[in-house]
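Notebook open, model loaded. I went through a few spots and jotted down what I found.

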Amino acid sequence: MLRSTLFACLLFLVACNQKDTEKQDIPQQDSALAESNFDFGTWITSNPNTSNEDYVKEFKRYKSGGIDEVLINTGTDPKELERLVPLAKAEGLQVHAWIMAMNRPGDSIALQHPDWYVVSRDGKSCFDTRPYVDYYQWLCPTREASRNHVLGLVEGLAKVEGIESVHLDYIRFPDIFLPIGLLPKYNLVQDEELAEFDFCYCDECINAFEKMHHKNPRDIENTAIDMEWKNFRLNAIKSVVDDAYKIVHRYNKRLTAAVFPYPEMADHMVRQRWDKWDIDEVYPMIYHGFYNEEIDWIGYATKQGVTDIESENIALNTGVYLPPFNSAEELKQAIVLAKENGAIGITFFDGNGLTDAYLQAIKEVKATLK
Ligand SMILES: [Zn+2]
């Protein structure tokens, strides 16, 4: 369960940039408009064996509980997405196509190309030596063939009619530092950057870096303090995102992503600097339980991200992880904190965790926002 939840780092998204425009032009209406635009979403993973009838029931239940959008992981299968989009839309839900981007467990095409996978500082390929868990099967963001493979999958989803966005998840490097709340479960101490969790030292990355900076990361004594090497990897991910942005916009879709709680934290833990990306909306996974934090931290982290992207025309939806909540009352607090700190919506991981009590709480808070 730990594996599927924790690392199931998922996903996200929504849409309007209206907020900023309204703020500038009609200040006195801002609050009312922003309130009515606050969206509620949930991440779900599709099951091809679940019938259309059962999905209709599930979508109806979300909608009547105040949910506005679903972010669906179909294992990057456009056909499954095509089946579900009309069902969800008929119930009044918006749909985002959630894709596991750089982490591609069981990807039958990628698995035919062992050289597409990231390589650790101790020289082991993620193709057969997986960090933390077996489903950590990460592709190199620098190598042309592997990044093009990911971008091709993004394009396949972008073509599906009726979706709002392609929602990137696992758009980062493997965790160089795990969330502190998870370490005991893995029996790990991480007080420095450990070689087995430090990527990518493949030939493509090394060569590209050397060309630019005239030094070889394999020879650097303390790679953790080499800022160019860190930045090279931040930029490698940014480059994949920026290309994905161009692709999805060609199909008149938007780009969204599930990201780490706020930019400095994302940079530190997974080499992800999402405030610098070309992207429409982010869904930071502000999962307080992973970090041994309290509910008010959801407001803190939301504010950090919102402040960093407010000049970038990027909107933020606060993502929360349901299991650590102790009550519907706590969930209500999280919703209010997300809203008060500038998020345009809140998204729940995941649909299975939305109990009747939680849906009732969502509905009640939503009524007070309008
Ligand atoms: Zn590489």
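Arg 271 sits in the loop between helix 10 and strand 6 (281–284), and it comes just after helix 10. A reminder to myself that this is a predicted model.

Next, helix 10 itself, residues 263–270. How many of its eight residues are buried? I noted six, so the helix is largely enclosed by the rest of the structure. The buried ones are Pro 263, Met 265, Ala 266, Asp 267, Met 269 and Val 270. Then I checked what covers them, and the cover includes helix 9 and helix 11 (296–309).

That took me to helix 9, residues 227–250, and how it packs on helix 6. I had two values to look up, since a pair of packed helices is described by the angle between the axes and the distance between them. The axes of helix 6 and helix 9 come within 9 Å and cross at roughly 30 degrees. Angles under 35 degrees count as roughly parallel, and helix 6 and helix 9 are therefore roughly parallel to each other. I logged the crossing as right-handed. On the helix 6 side, the contacts come from Arg 147, Leu 151, Val 154, Glu 155 and Ala 158. Helix 9 answers with Ser 239, Val 240, Asp 243, Ala 244, Ile 247, Val 248 and Arg 250.

Then the metal. Which residues coordinate the zinc ion? I found the SG atoms of Cys 140, Cys 200, Cys 202 and Cys 205, at 2.2 to 2.4 Å. Angles among the four donor atoms run from 96 to 120 degrees, and the site is tetrahedral. For reference, the ideal angle for four tetrahedral donors is 109.5 degrees. Along the chain the donors follow the spacing C-x59-C-x1-C-x2-C.

While at Cys 200 I checked its peptide bond with Phe 199, and the bond is cis, with omega about 0 degrees. I found another cis bond from Phe 349 to Asp 350, where omega is near -10 degrees. Asp 350 lies in the loop between strand 8 (345–349) and helix 13 (356–369).

Back to positive phi: Thr 76 has a value of about 60 degrees although it is not a glycine. I placed Thr 76 in the loop between strand 2 (69–73) and helix 5 (78–90). Its relative accessible area is 12%, so Thr 76 is buried.

Last entry, Phe 59 in helix 4 (residues 52–64). Phe 59 counts as buried because its relative accessibility is 0%. What does Phe 59 touch, leaving out residues up to four places away in sequence? I listed Ile 44, Val 70, Ile 72, Leu 84, Leu 87, Ala 88, Glu 91 and Leu 93. I also took the C-alpha separation of Phe 59 and Gly 92, which is 8.7 Å for residues 33 apart along the chain.

Conventions:
Residues numbered from 1 in each chain as written. Predicted model: local features only at pLDDT ≥ 70, side-chain atom pairs only at ≥ 80, totals over all residues. Heavy atoms only, no water. Donors = N, O, S within 2.8 Å, 3.2 Å for Na, K, Ca; no water. Tetrahedral: all angles 85-135°; square planar, octahedral: opposite > 155°, others 65-115°. Axes fitted to C-alpha atoms, helices over the stretch in contact; angles between N-to-C directions. Helix = DSSP H or I, 4+ residues; strand = E, 2+ residues; numbered from the N terminus. Parallel < 35°, antiparallel > 145°, perpendicular 65-115°, else oblique. Left-handed = near helix turned anticlockwise from the far one by under 90°. Contact = heavy atoms within 4.5 Å. Buried < 20%, exposed > 50% of the residue type's maximum accessible area, 1.4 Å probe, protein only.
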